[in-house]
Amino acid sequence: MYLMDKLTIYLILLIILSPSNHYSQHYSVLKGNLVDSLTNQPVYNASILADEIQRGTTSNERGNFILKVPENIEVITLKIYHIYYETKTVKIYLHKLNKKNFVIKLRQGVIPLGAVVVKGEKTNESAGYLISGKTINNLPALAEPDIIRAVSFLPGVSQFSDYNPSLHIRGGFIDQNAIVYDGIELFNPYYLLGVFSSINTKTIDKTNIWTANYPPEHAGRLSGIISLSSIDRESKPFVNLNLSLISANFTIAKKYGNTFLLFGVKRSYLDLIMALLGKRNFDFKLYNINFKVSHQFSGDIETDIIAFENNEISNDPNLENENSPNNKIYRGNKAIGIKQRFKNHSILFSFCRNFNEYSNKNYYYKNIIDDFGVKYKYEFDINYLKQRIGFNFRNINVLNNWDLDNDFKDSFFGKNIPFTYAKRAGVNIYQPWLENEILALNKLKIKIKNLTMITNLSNSIYLFPGFTLEYYPSPVYKFSINAEKNYQLLTTGIFEEENYNLINKPYFIIAKPLQAYILGVGNDFNFGNNYYLSVNAYYKIITKTLKLLENNKYPEFSTGSGKSYGVEIMFEKLTGILTYQLNYTYQKTFYSFKNETYQPKWSFPHFIKGIMGIELGKTWKFNLSFSFHSGALYNRILGYYKSIGLFAGEDSDKYDVVRLSDHIIFDDKKTRYKPYWRLDVSFRKKYKGKYFDWILYIQVQNITFNDNPVEIYSDKFALDIIKYGKPQDSGYLSGLPIIPSVGAEFIF
Amino acid sequence: MKNILLLLILLLLTSCVDSPVELNKLEHDLALTFVIRSNNNRQKALVTYVNSPGDKYSNFPKLVNDCEFYVNGIKFNINDSIDYSRFHNIGYFYNYYSDSLKTKDIDTFHLRVVKGNNIIVGKTIMPGEFNIIVSGRTIKWSKSSRAYYYSIKIENTSNNFIYKETTDGLFYTIANTDFIPGKYTIEICAFDKNYFDYYNNQKDPSGISGAYGIFGSVRCEKIVANIK
């Protein structure tokens with residue numbers, strides 16, 4: 001393996017140091033800029049194709065693009081494609097251009113306001129998706145928009161339970177995902193043990209999701225990266241007040257000259273309602289504060305200061321019994337970051353404290369992760385091939401400290417963890433990386449990209465290479481193949497059966513990272529502005545993963561391996577009165593620990609999901625989302641009997657009897673329960689006002705009232721099934737019932 | 001485009017079909033649970049019928065009281081009376097017992113139970129003897145041969161302290177912050193492979209064939225010590 005790594009390093013260095021572009025010698029440079037026809041804002045990520053020279057490029061974050069044109073060409077026809085804009089064809093007479101620098105204005109496509117629009121990230125190699133903030137805020141939700149729920153509709157992503165929005169991306173454990181807000185990782189992205197995500201979606205401009213080929217700035221997970229970007233100066237300014245059944249949310253995005261300000265505050269008001277009802281001691285609240293200020297010193301130099309906190313606080317005495325101990329909960333993240341952007345490079349300094357604390361008179365736990373990071377990147381071109389180099393540094397300190405009682409320990413943390421535990425662990429991670437286009441064969445329409453990351457962890461060096469080949473034979477079709485080695489530095493090592501309750505589990509720093517190899521194939525079809533289709537396939541081999549052992553040598557892990565493979569199909573209609581996205585995923589996942597190979601609970605071979613938006617007239621919007629997946633795996637009950645109590649201390653000669661307990665015989669073969677099916681809808685009606693517009697929304701979760709199972713025949717419930725005499729196949733914990741909710745949004 | 005849509009529709013249709021799994025059926029009608037304990041004069045076992053999931057639940061098992069029950073050739077007696085005197089609402093009882101089965105100097109035990117055409121046989125090897133030493137708040141014990149793991153029970157009836165834990169190690173340190181120093185009864189039990197498989201690996205049956213359940217053995221040592 002060492003030899004392989006060494007050879008790979010040589011190969012990469014050889015390729016990287018010689019980026020080549022197969023052009024002839026006499027070319028001139030054509031520089032263009034794409035802007036929105038209404039707002040004059042730059043248009044990012046448009047495809048620009050030049051017919052005469054059979055070359056293409058994409059616009060960068062500032063809307064700029066560059067094409068190298070043979071000097072003997074006089075006229076060039078550019079076709080510009082963008083998912084949110086109408087396709088435009090422009091003829092450029094090169095000899096009439098003075099500086100060969102021009103601006104093209106693009107008109108927005110007919111995308112109905114309020115309808116759902118989700119699109120694939122076409123610049124990424126068939127493993128990336130982009131969800132707009134608008135989509136997240138318009139999707140039918142449980143009282144409030146939820147980023148995690150929105151991501152769950154993407155292909156390759158499965159959710160095990162209605163009550164927990166935890167995501168399993170391409171078959172992975174939920175701690176194999178990272179959720180990143182403006183470059184800062186959140187380890188506590190949930191409220192109420194996972195019922196809601198803790199992110200204020202009104203502050204989000206866009207969400208990028210990578211299921212492979214992870215960007216080097218956010219790498220460090222085996223399954224998925226969910227990167228949230230807050231609203232910036234490119235967005236239209238707004239003042240928004242949203243009142244849901246749970247919380248009030250006020251967000252303002254304003255520009256003052258060269259300074260942009262984003263401020264969002266959100267607070268639940270259940271405690272206030274309870275106070276009105278006379279329960280003044282009900283101290284339970286969720287709140288978010290998001291702050292961002294950006295100042296542009298010149299066209300290329302900009303400073304962002306980002307700060308946010310989300311917190312779940314409970315300090316309530318038991319309402320049934322005033323004398324019972326207070327339960328104090330503090331769970332959330334608080335962070336500050338400073339990002340400095342220059343023309344071609346940027347640097348981010350950030351610190352985030354992720355805290356999860358619980359205490360009452362008798363016991364407590366405290367799990368804290370302090371994460372200090374520096375991320376630097378520099379972008380430039382060599383022979384018109386894009387080059388990005390960067391360096392990540394992270395100092396992560398994990399404090400786990402608890403003193404528990406028996407019930408709490410078992411139900412929240414897991415069996416056989418120690419009653420008392422106190423440990424602090426820290427690690428420094430140094431990661432130089434290079435992501436670049438190393439070869440462009442323009443006549444063959446082939447491009448080869450590299451992403452190499454070197455990680456220094458605990459004085460060991462690990463190399464994580466990745467290569468991508470792109471073939472783009474026509475403006476509407478792109479084929480890509482990607483191979484990479486991936487890693488993960490933090491884990492909870494959670495047991496599979498407790499996987500849906502990640503919230504209280506402590507994270508551990510791994511001395512040797514978890515590792516996986518991923519091979520992906522992607523096909524992207526872009527049918528004009530209207531339809532988009534992507535068909536991806538992947539094969540992932542996990543060479544190292546960990547599971548906490550249920551023994552007393554805490555924390556001791558069992559090392560395992562796994563594999564996952566699948567096909568993911570996404571079809572979208574992006575413009576018009578009706579917009580929709582349909583996804584189908586076929587997926588198989590296996591894990592092996594101690595020579596036992598099994599499918600995890602969330603391994604559903606087939607899932608079909610969809611989201612849809614319809615504009616009814618000028619003021620009505622109707623959105624729906626549906627999920628279907630194969631039934632959950634479970635072990636049937638074959639029978640049960642009484643066994644004598646066998647714990648040594650239970651039995652002695654002084655008693656003439658022994659304690660009886662129920663013992664259940666499960667089928668060792670797993671079968672599948674009936675398929676999961678759910679439909680959620682929302683209606684939004686917009687009213688025009690003199691000083692503000694407002695939207696009334698009504699949404700219904702699980703409108704078909706489908707009785708979906710969440711948990712089937714675990715030991716705990718199996719006994720209840722037997723005791724209450726239910727028929728064999730109704731033994732499960734029910735999922736979400738039908739839940740309607742209303743709210744209002746005010747736009748100033 | 002047309003072909004791609006057809007392919008998509010085909011995949012959606014096939015998604016509703018899962019390959020059928022041939023499921024198991026109950027292999028045995030009977031269940032037997034019997035763990036021989038080195039510190040008991042009377043050894044007790046339970047033989048019951050296995051219930052189907054649709055059967056009405058009862059706190060009391062369907063007893064099997066017409067077996068021929070032998071361990072190492074020693075015949076066990078039947079006692080199917082239920083003792084309500086000590087535990088009112090919960091059924092506590094046994095139905096096969098023997099006061100003649102000696103555990104000292106004997107390691108290997110063979111079980112043979114006959115009920116009509118059903119023959120249940122089993123084998124267990126008792127873990128070896130070991131010693132307990134107390135040092136401060138750490139309780140250590142020597143390795144018991146053939147033991148797969150241990151239970152520890154620390155008890156003081158006067159201050160109502162009782163602590164139970166299981167481990168595969170050879171020591172235990174009391175880390176409870178509310179621990180009060182004093183005189184405690186410490187009992188360590190070493191469990192055989194069958195017991196370990198039954199409880200830790202969910203292996204059922206374990207140590208027997210012809211019925212569900214377990215035939216295992218456990219060696220227990222007890223001391224009274226002053227823990228500071």
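Guide: In chain A, four strands make up an open sheet ordered S4-S3-S6-S7, with antiparallel pairing. Its edge strands are S4 (55-58) and S7 (85-93) of chain A. This is a predicted model, in which local features need pLDDT of at least 70 and side-chain atom pairs count only at pLDDT 80 or more. Residues are numbered from 1 along each chain as its sequence is written.

Visitor: Why are strand S4 and strand S7 of chain A called edge strands?

Guide: Each of the two pairs on one side only.

Visitor: What makes strand S3 of chain A and S4(A) a pair?

Guide: Strands (DSSP runs of E, at least two residues, numbered from the N terminus) pair if DSSP finds at least two bridges between them. Strand S3 (residues 47-50) of chain A and S4(A) share four bridges in the antiparallel sense, and therefore they count as paired. Within S4(A), Gly56(A) stands opposite Leu49(A).

Visitor: How do you know that strand S8 of chain B pairs with S15(B)?

Guide: Two bridges join strand S8 (residues 118-125) of chain B to S15(B), and the strands run antiparallel. Val121(B) faces Ser209(B) in S15(B). The open sheet of five strands in chain B has the order S4-S3-S7-S8-S15.

Visitor: Why is Ile338(A) called partly exposed?

Guide: Buried means under 20% relative accessible area, exposed over 50%, and partly exposed in between (1.4 Å probe, protein chains only). Ile338(A) has 42% relative accessibility, so the residue counts as partly exposed. Ile338(A) lies in strand S24 of chain A.

Note on methods. Chains are lettered from A and ligands numbered from 1 in the order in which they are written. Side-chain values use heavy atoms; hydrogens and water are left out.
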